[in-house]
Amino acid sequence: MKPANWAAFAAAEPDLARTVEDRFGGFTHHVLATLRKDGSPRTTGLEVRFLNGELWLGMMPGSLKALDLRRDPRFALQANPGPGTGMGGGDVRISGRAVEVGDEDATTKAAYVKEVEPPQPFHLFRTELTEVVRTYIEDDTYLVAEVWRPGEPVRTLKRT
């Protein structure tokens, strides 16, 4: 399975991509899971951006999550569920690999800075998606999971 960027996912599954963007857009802070040196999980808060066909992860310089991703680029990103138990739009998560945008790609980083105006300095990672999942309740009866992986159509799983 070859990973895909956000634009490729959105082109393949525009309705699901719009729902996922809306869920992430509803709140500022989300939860990022990375892997520590010993392989155990680390979860931390994070802001994300959908910009120019990419899903971007920006981080403070030297943050543990940035160092985790430099060592092992695998991540999972969970949208903030919001207040209460409503979960409007469902529960969404994105998995993949984070690729750091280094000094050799100053044009990309400059474009991000112009649009987002993050505190300087910072780490910037673009994402390569390996899975997008939306889980929600249908008709107060079914738990529904929509699962997308690059090169495959969305699979919809239902259970009571």
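Predicted model: local features only at pLDDT ≥ 70, side-chain atom pairs only at ≥ 80, totals over all residues.
Okay, let's start at a turn: Gly39 has a positive phi near 90°, and it sits in the hairpin of strands E1 and E2, with five residues between the two strands. Residues are numbered from 1 along each chain as its sequence is written, and side-chain values use heavy atoms, with hydrogens and water left out.

A quick word on names: helices (H or I, at least four residues) and strands (E, at least two) are DSSP runs, numbered from the N terminus. Two strands pair if DSSP finds at least two bridges between them.

So, who pairs with E1? E1 and E2, residues 41–46, run antiparallel over six bridges, and there His30 stands opposite Leu46. E1 also pairs with E5, residues 74–78, again in the antiparallel sense, over three bridges. In that pairing Val31 stands opposite Gln78.

Now look at the two faces of E1, residues 30–35. His30, Leu32 and Thr34 make up the covered face, and Val31, Ala33 and Leu35 the uncovered one.

On to salt bridges, meaning a side-chain nitrogen of Lys or Arg within 4 Å of a carboxyl oxygen of Asp or Glu. How many salt bridges are there? By this rule, eleven.

Take Arg70 and Glu100, whose closest N and O atoms are 2.7 Å apart. This pair links distant parts of the chain, 30 residues apart: Arg70 is in helix H3, residues 64–71, and Glu100 is in strand E6, residues 91–100.

Are these side chains buried or exposed? Buried means under 20% relative accessible area, exposed means over 50%, and partly exposed is in between (1.4 Å probe, protein chains only). Arg70, at 51%, counts as exposed, and Glu100, at 25%, is partly exposed.

Next, Arg97 and Glu128 form a salt bridge with closest N and O atoms 3.9 Å apart. They lie 31 residues apart, Arg97 in E6 and Glu128 in E7, residues 123–138. Both ends are partly exposed: Arg97 at 29%, Glu128 at 23%.

Then there's Glu146 with Arg134, at 3.4 Å between the closest N and O atoms. Glu146 is in E8, residues 142–148, and Arg134 is in E7, twelve residues apart. Here both partners are buried.

Last one: Arg42, Asp68 and Arg71 are linked in a network of salt bridges.
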